[in-house]
Amino acid sequence: MPTEGSATAPVERLPTDRDEGPAPGTALCLSGGGYRAMLFHLGAVWRLNDVGLLPRLERVSSVSGGSITAGVLGLGWARLRFDSMGVAAAFPEEVVKPIRRLAGTTIDQWSVLGGVLGPGSVSDRVAGAYRKYLFGEATLQALPDRPRFVINATNVQSGALWRFSKPHMADWRVGRVERPAIPLAVAVAASSAFPPFLSPAHLDLEPGQCQPQPGNDLHRPPFTTEVVLTDGGVYDNLGLETAWKRYKTILVSDAGGQMAPEPDPPADWARHSKRILDLIDGQVRSLRKRQLIGSFRQPAGNRDAREGTYWGIRSNVADYGLPAIPNYPFDSRGCPFEKTLALAETPTRLKALDAPTQERLINWGYAICDVALRRHVDPGLPAPRGFPYASLGVN
């Protein structure tokens, strides 16, 4: 199992959690991190497709930038054309192409300006861009029944996760809405409404639409009628919560960054607020990561024991300790740490990226996913042919 981390964070037990422990099955978690995360995860999911693992997934849980990738994957699922080996022939057309199209378009800056100067909120503008470039008028009901896609936002009112999915959307403190017809663009915009600039997102519900569940302590207006949401990464920046509690095998793709020391922190409210939020994000990410790594180390039979693997945009392929593999393209020579670390410094914005940067991020996600799977899940995976964009690699 992975060697990163050394302790297990406290595990929150909710009234709706299973008492019998996790079920067999595999869940994929996609972290936040703007377009950087969207593209890094695209590469990782591309590798999962090429080795035939996508049809084995029971759940895809995502936050923020990861929810963009998850939303496109879920919307295109029925058209992927899986073959007998579990490989989707239409993956480049249905998933890669629309994400690359969005990655060449800046939406955060214009959404902020439009939300400040024009009608509607910033989040409305972001949802409008997602609707235009990715999702059209599709709702959560366009997602597949299996795997279940869970798009996570943070409920500012309750302090808990607000979970969007096809069967229901729910907050364990507030209640549940069955078979929601919420636009997919709105759900992804709420999940990626990172503060302070793209937050909050507002969700208006009809009286009686949100039904009570056991353990709800906030099932009353305005909690049930005027929901105020922010980025899912505020509560759980790995997208781990809804997956770890449910399934025994957990795959985590983490495109989060690492804060650099700042000897002279900015004092203006906007940049200072961002610095503080980054500090909080880093602490939450560390706790979640320690929870995950600790669960990989638990003995079999322990309720908190999990199988699977973690890979991150800041991972070093050398740390996985793969045995020498002839002509393996993703070793330290193919993925030098100084080059991949430079990719990890790509800003976490929804700002257009040039084609070479997009392709390097995709290549890196593809490569480190293969390394992690080969080391901790299946050493006998088919040999990779190389990077999706072979002419660039990660350099």
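In the contact between α2 and α3, Ile68, Thr69, Val72, Leu73 and Gly76 of α2 meet Phe91, Glu94, Val95, Pro98, Ile99 and Leu102 of α3, contact meaning heavy atoms within 4.5 Å. The model is predicted: local features need pLDDT of at least 70 and side-chain atom pairs count only at pLDDT 80 or more, while totals for chains, interfaces and linings use all residues. Residues are numbered from 1 along each chain as its sequence is written, and side-chain values use heavy atoms, with hydrogens and water left out.

- The residues of the α2–α3 contact comprise eight nonpolar, two polar and one charged; Ala, Val, Leu, Ile, Met, Phe, Trp, Tyr, Cys and Pro count as nonpolar, Asp, Glu, Lys and Arg as charged, and the others, Gly among them, as polar.
- The axes of α2 (residues 65–76) and α3 (residues 91–103) come within 9 Å and cross at roughly 145 degrees; axes are lines fitted to C-alpha atoms, for helices over the stretch in contact, with angles from 0 to 180 degrees between N-to-C directions.
- Helices are DSSP runs (H or I, at least four residues), as are strands (E, at least two), numbered from the N terminus.

**Aromatic pairs**
- The whole structure holds nine aromatic pairs, where rings of Phe, Tyr and Trp (its six-membered ring) pair if their centres lie within 6.5 Å, and planes under 30 degrees apart count as stacked, over 60 as edge-to-face and the rest as tilted.
- Trp46 and Tyr366 form an edge-to-face pair, because their ring centres are 6.5 Å apart and their planes stand at 90 degrees.
- Since Trp46 lies in helix α1 (residues 34–50) and Tyr366 in helix α10 (residues 355–376), this pair ties together parts that are 320 residues apart in sequence.
- Phe330 and Tyr366 also pair edge-to-face, at 6.1 Å centre to centre with 80 degrees between the planes.
- Phe330 lies in the loop between β10 (307–312) and α9 (337–344), so its pairing with Tyr366 in helix α10 ties together parts 36 residues apart in sequence.
- Ring pairs link Trp46, Phe91, Tyr328, Phe330, Tyr366, Phe387 and Tyr389 into a cluster.

- Phe330 counts as buried at 1% relative accessibility; buried means under 20% relative accessible area, exposed over 50%, and partly exposed in between (1.4 Å probe, protein chains only).
- Tyr130, in helix α5 (residues 122–135), is buried with a relative accessible area of 0%.
- Not counting residues up to four places away in sequence, Tyr130 touches residues including Ile68, Leu102, Val188 and Leu350.
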